[in-house]
Structures are given as C-alpha cells and as structure tokens.
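Subject: Structure handover

Hello,

Here is the structure I promised you. Please open it and keep it beside this email while you read.

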Amino acid sequence: PKSVVSQYKDDVTYKPEPEMRVVYTLNVTRRNGIVTRLANPDDPSRFNCHQNDDPATDDNNCREKLLNMDQVICGKAYDDSRFRLKRWVGERNPNANAIPPASRDHSNGDMASALHCWRIKLQAPPVFVTDPTKAATPFSEDWSLLNDDGSPVTGRAGAYQSANVAINETVQFTFVAQDPNPEDSVKIFVVDDPGMPPGMRAEPTECIPRDGDQAMCKAVDQVDEVNKWLNPEVPSACSKARMTLTWTPDASLAGQVYRVCVVARDDSRLCAGHGPPDATTTGWYGEQQCVDLVVSEPQMEWGLTLVPSEIDSFVGCETRFNVTAKDNSETYAIVISSVGDLPAGAQVTSTTATMQRNAMTGYEERLYVVFFSWRPQRGSEGSTEEVCFTATDALQTQDPLPTQCWRMTVQRCRYCVGRGDTLSLVMKDYGLDTNWLRLWLHNGNTIPPTQRGPAIIPNPDLIVSPSSAASVAEDAGNVERLPIVYVGPVYRPKGGESLDRVAARFRTSVKSILSVNPDVHGEDDVEAGETELCLVPCSQRRPSPGMEAV
C-alpha cells in the first residue's frame, strides 16, 4: 500500500503529455510466441516432427513454425493527484487479492484513465518444411533438423542440397512451404537471380489443404486467465503449398554448374510498412531455399591392357585382343570404334559393358570393351598392319580419347596348323613347294637321333598341341595356342647376292622364294643385310634326263 505522499519509483516523472513506447519482437530463438518443430526422436511432444510422421502423407512438418495466441497489452494513464493533493483520490484498493492480476490497475489512489488495450496479432512469413528424412524440400544431407535454430536459410549454403545430374537425365525437386497463419495462402516463386538453367520447368504452386489429421496446430484466445493451450484442429486451405522443378539437361550443358533458388510468399498485408523489409503490400516473402546442380560430364580414360602394341602374327593363327575404356564419373556409356581401314578379314565387335574388379583398388568398375580378331591368310607373310581405336561418350559431349594403336607383323616361314593335321595336309593347304620330310626336319627332328633337339612335330602324321617346351606364341598373335611349324630359315642376303644366287645357294627357285615372300616382287625390293627372306631349301627338283632345269 502507498501513503498519500509516497512515490511509485524515484525515476518516475510526471508530464503534461506523457508517452511510453512498448516494443514486442516475435523471435523464434527466444520462443516468445513462436516455436519450431524439430526432428528429435526422443522428444514425445507435439513440437517434434517425428511424432506421428507418416511418409505416405503430406505431413512434412519439420521446421514448421507454430504461433501462440495473439498477444494483448493493456495500460492506463495515472496522474499525481494523490501526491499533489495529499489525499486519497482514486480507488481505495485497486490491487486487492480478489481482483485478477490482469485486471488490477495499480493506480494506488491516483486518478486513472480508462483501461486501453492493444491486440498484437502474431504474424510470420512462410518457411520451407520437410520430413525427417529430408525427402521433401531438398535440404543438404549435412543439415541438421535437430539443431535447426529456426532462423532463415537464405544465403546459408550449408542448407542447400547439391545434386549431380547426368545429361538427358530427368530430375525433379519439390519444395514445400508452410505459413504459420492458417488463414494465409502461400505461393512459391523461382528467384529471378540466379533464375533457372536452360530447359528447366517450374510447375504452378499447388495448395496442400490441412484438415482432419493434418489440421494446423493454432493457439486460440481463452477467457480463463490461467489456462491457455494450443488447439490442434484448425483447418487451412492453402497455408501449405508445393512447387516442383523439372529438368532434363542436354549435351550442351555438360560441366555447367547452376544454383536455383525459390522463395515462398503469403498473402498477408498486415505487416507491410511496419518493419519487416520483406513484408509487402502483396504479401510477406519468407526465406529462400536453393539447390545446387552440377551437370556431370564424362571422365573417360583408356582401360588397362596387357596386350603389347607390337604383335607377332602368323598365317593361320588368330590374332585377338580387346580394347577397353571407362568413364570415371560412372554415369555415361562409352563407344569404342576403329579408325581407318581394317586388315582384310579382320572383325571388331560392337561395344559392350562389363563389370571388372580393379586389381589396384579392389573395387568393381564398369568397363566398355570391343574385341578385335584377325586371322592372316597365305599371301600376307612379311606384311605389317596397324589398327587404331578411339573412344567417345555415347552422347558425344567430349572430344574423343587419343587414338590407341597396335602394329601386327605377319611372321615369315612360320605357319599355324590345326590340331590333328598332317604335314602332307599342311603342304597342300598352304601350297608350299616342299615335302613332308623337309618340314619334319625343320621342326626339331634332326638325323641322326642322337643329335635331335626338342621336337615340335614328333609325329608327321598327327600334329597335336605342343608341349610347354614347344615353340608356341603365347601372346595375342596366337590366342588359340595352335602349333606353329617352320617351313625354312629366314635369311638376309649379303651384298652382291641376287635372288638367283640365293636360290642357287639354297637349292630352290626364285619363283619359290617369291611365293613365300609375297611382299618381295623382284630385285628392287631386296636390300642387302636388311631384307628378310623366307627360304624353303631343297625345293628345286633336279632335272630329269632330256629335260631343262627351271
């Protein structure tokens, strides 16, 4: 109680036209009328967006803002009549215990004005909401829905999802926004700066009605001065809305990086011109949420190959090897193709994909492969063929890989034979000017037996797979590992030696020499000490009496 001469406070002064300013700022971090639903699996309260979450419905309410009831501030004006007149002028006991605290005027004997109240209608802009798994509205995987402080994510790159998009891949991103005021309607817009990448389409905003089990949680005014609670059954037609972005980047956008941002706006004009800069006469703009898009591009490189670039090939043997390439982005298909003409009879398969374990990393990787195969024919002895390959991504967004080449030299005097053949058949098939005995002797069967070395063809009437000690090419030039027979030595003519002299020396004929050396057409093609000649010795028959030697 006050006496007739006591002051309220030492710093209270009286003015003819007094003024008092009251500032109330709605602040989600202070929880002074607005709270945020967080994703706390251990919180049983309704402020936890894990509660009653149903992935099959549009109940994406993580980060949703919940408003309390509208606030009311009341006040009276008092004069100093009690102190000035030295007597009790106003109410004798305005603060009695029987009077509810909110109705006490605290005049303490002074003259008081009528009670005047101001209703503060709580307003807040829309925010982007999601579900506990962040499937709705693309938030970053690292963005915590448990520790979200409720402040806007505008400009906070850590909240933005980053997505790699392949060329010709169609992707969709759906943004869901919720306004805390049930009576407001929300629309979502793409922010002009930075805008959308070429070809992206934004669907119109779609309202998500909230009624029944999905009705909003909204506070209501209560007459009771003590009990205030949230009413969870307030329907709303369009305070929640979604918008979907759809995009299929084409090949021209490979390697490009884009950021697309959207913003939600309600239709409330109550706060326009009253402080918040984003509250306009068309509505209150909320936070901006963005997604970073990276159009992946192929990262091609040649695969590891064990085949040497120089291959010894043999007439009758199959030369075969594969060419591999890979895309380290693991996104795009690769097409491998040959460059230039192939040797006569050669074949290249179409590109196929296969999974193969990387010996260095231990992980499986996708390889793209083609197989080259070629079986040199009689008449190709001594020739050299080169085959080259290049690779590009199937969409042709990148320059082709540098060409990779293999050189195949068809060996002289060495021929592949089938298992089960005889030396007589070999002579016939290849048209060799010799006989089976000479072939047999050229392949490790020397006479006398005590001087024999390792025999390649122990039995001239049945050629079988040679033993491990036999002379078999184990590289790409003879993938079938067929037996290879020698028909004679390879000789380099000395200076001054003509083809006639070489033929006479080895008891053969020039015609026979040219037959097994098809790349040599005459003396002009022979260079002393350099040119290699396959020779079939003793193929020149002695002339019969009365006949002229050829």
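First, a term you will need: rings of Phe, Tyr and Trp, the last with its six-membered ring, pair if their centres lie within 6.5 Å. Please keep in mind that this is a predicted model.

**Aromatic rings**

Ring pairs join Phe321, Phe372, Phe389 and Trp406 into a cluster. Across the whole structure, the search finds seven aromatic pairs. One of them is formed by phenylalanine 128 and phenylalanine 175. Their centres are 6.1 Å apart, with 70° between the planes, and the pair is edge-to-face. Phenylalanine 128 sits in strand S5 and phenylalanine 175 in strand S7, so the pair ties together parts that are 47 residues apart in sequence. Both phenylalanine 128 and phenylalanine 175 are buried.

Now go back to the cluster. Phenylalanine 321 and phenylalanine 389 also pair edge-to-face, at 6.5 Å centre to centre and 90° between the planes. This pair links strand S19, which holds phenylalanine 321, to strand S24, which holds phenylalanine 389. Phenylalanine 321 and phenylalanine 389 are buried.

**Salt bridges**

The search of the whole structure finds 19 salt bridges. Here are some of them.

- Aspartate 292 meets arginine 259 at 2.6 Å, N to O. Aspartate 292 is in strand S16 and arginine 259 in strand S14, so the bridge ties together parts 33 residues apart in sequence. Aspartate 292 counts as buried because its relative accessibility is 15%, under the 20% limit. Arginine 259, at 35%, is partly exposed.
- Glutamate 203 meets arginine 201 at 2.9 Å, N to O. Glutamate 203 is partly exposed at 30% relative accessibility, and arginine 201 is partly exposed at 45%.
- Arginine 492 bridges to glutamate 532, with the closest N and O atoms 3.1 Å apart. The two residues lie in loops and are 40 residues apart.

Salt bridges also link Glu318, Arg320, Arg375 and Glu480 in a network.

Which residues form a negative surface patch? They are Asp500, Glu523, Asp524 and Asp525. Glutamate 523 lies in the loop between helix H5 and strand S28. Glutamate 523 is partly exposed, at 39% relative accessibility.

Look for threonine 205, in the loop between strands S9 and S10. Threonine 205 and valine 176 are 29 residues apart in sequence and 9.6 Å apart in space, C-alpha to C-alpha.

Best wishes

Methods: Residues numbered from 1 in each chain as written. Predicted model: local features only at pLDDT ≥ 70, side-chain atom pairs only at ≥ 80, totals over all residues. Heavy atoms only, no water. Patch = residues over 30% accessible without salt bridge, like charges linked within 9 Å, V, L, I, M, F, W, Y side chains within 5 Å. Areas by Shrake-Rupley, 256 points an atom, 1.4 Å probe, with all protein chains shown as cover. Salt bridge = Lys/Arg side-chain N within 4 Å of Asp/Glu carboxyl O. Lys, Arg positive; Asp, Glu negative; His and termini not counted. Charge placed at Lys NZ, Arg CZ, Asp CG, Glu CD. Helix = DSSP H or I, 4+ residues; strand = E, 2+ residues; numbered from the N terminus. Buried < 20%, exposed > 50% of the residue type's maximum accessible area, 1.4 Å probe, protein only. Phe/Tyr/Trp six-rings, centres within 6.5 Å; stacked < 30°, edge-to-face > 60°.
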